[in-house]
Amino acid sequence: MRLWLTLAALAGFVCVAAGAFAAHGLNDPQGQELLRTGALYGFVHVLATLACLPLIQLGATRARLAPPFFLAGVLLFSGSLFALALGAPRIVGAITPFGGLAFLAGWLVLAWAARGVDAA
């Protein structure tokens, strides 16, 4: 779990930096929107990754499987939007949906993991 927490912290840093750059360092409205969207989705999934630790401690041990999906989603979804905002070729946008699928898979894994939490 230490690896996922470390990667989540670094991804959080990148998301905050991207959001700040959208607000203060980029003049292109489309680029700003791409950065904001990538930062928002990335940061939400960083927090979801961090939320997995207490769930594991509550008995949802399968929650250990969600962070790889969440962080892969941050890399693919947010990373591709960041790259597009900074001028990458449009073909990079073909990666974005794979990140969205990783986010969805992480949430499904987390729902599956919740079945391991004692209701008492």
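Modeller: Helices here are DSSP runs of H or I with at least four residues, numbered from the N terminus. The model is predicted.

Biologist: How many helices and strands does the protein chain have?

Modeller: There are 4 helices and 0 strands in the protein chain. Read from the N terminus, the order of elements is α-α-α-α. The C-alpha trace spans about 55 × 25 × 20 Å along its principal axes.

Biologist: Which residues make the nonpolar surface patch?

Modeller: V16, F43, L47 and L50 make a patch of about 340 Å². Helix α2, residues 29-57, gives the most to this patch, with 3 residues. V16 belongs to helix α1, which covers residues 2-24.

Biologist: Is V16 buried or exposed?

Modeller: The cut-off for exposed is over 50% relative accessible area. V16 has 52%, so V16 is exposed.

Biologist: What is C52 in contact with, leaving aside its neighbours within four places in sequence?

Modeller: On that basis C52 is in contact with M1, A63, A66, P67, F70 and L110. For the protein chain, take the contacts with a separation of 6 or more: residues 24 or more positions apart account for 71% of them.

Biologist: How many aromatic pairs does the structure hold?

Modeller: The structure holds 4 aromatic pairs. In one of them, the ring centres of F77 and F103 are 5.5 Å apart and the planes stand at 55°, so this pair is tilted. F77 sits in helix α3 and F103 in helix α4, so the pair ties together parts that are 26 residues apart in sequence.

Biologist: Are F77 and F103 buried or exposed?

Modeller: Both F77 and F103 are buried.

Biologist: Which residues form one aromatic cluster?

Modeller: Y41, F77 and F103 form one cluster.

Note on methods. Residues are numbered from 1 along each chain as its sequence is written. This is a predicted model: local features need pLDDT of at least 70, side-chain atom pairs count only at pLDDT 80 or more; totals for chains, interfaces and linings use all residues. Side-chain values use heavy atoms; hydrogens and water are left out. Patches are made of residues with over 30% relative accessible area and no salt bridge: like charges are joined within 9 Å, nonpolar side chains (Val, Leu, Ile, Met, Phe, Trp, Tyr) within 5 Å. Accessible areas come from the Shrake-Rupley method with a 1.4 Å probe; for residues, only the protein chains shown count as cover. A salt bridge is a side-chain nitrogen of Lys or Arg within 4 Å of a carboxyl oxygen of Asp or Glu. Helices (H or I, at least four residues) and strands (E, at least two) are DSSP runs, numbered from the N terminus. Buried means under 20% relative accessible area, exposed over 50%, partly exposed in between (1.4 Å probe, protein chains only). Contact means heavy atoms within 4.5 Å. Rings of Phe, Tyr and Trp (its six-membered ring) pair if their centres lie within 6.5 Å; planes under 30 degrees apart count as stacked, over 60 as edge-to-face and the rest as tilted.
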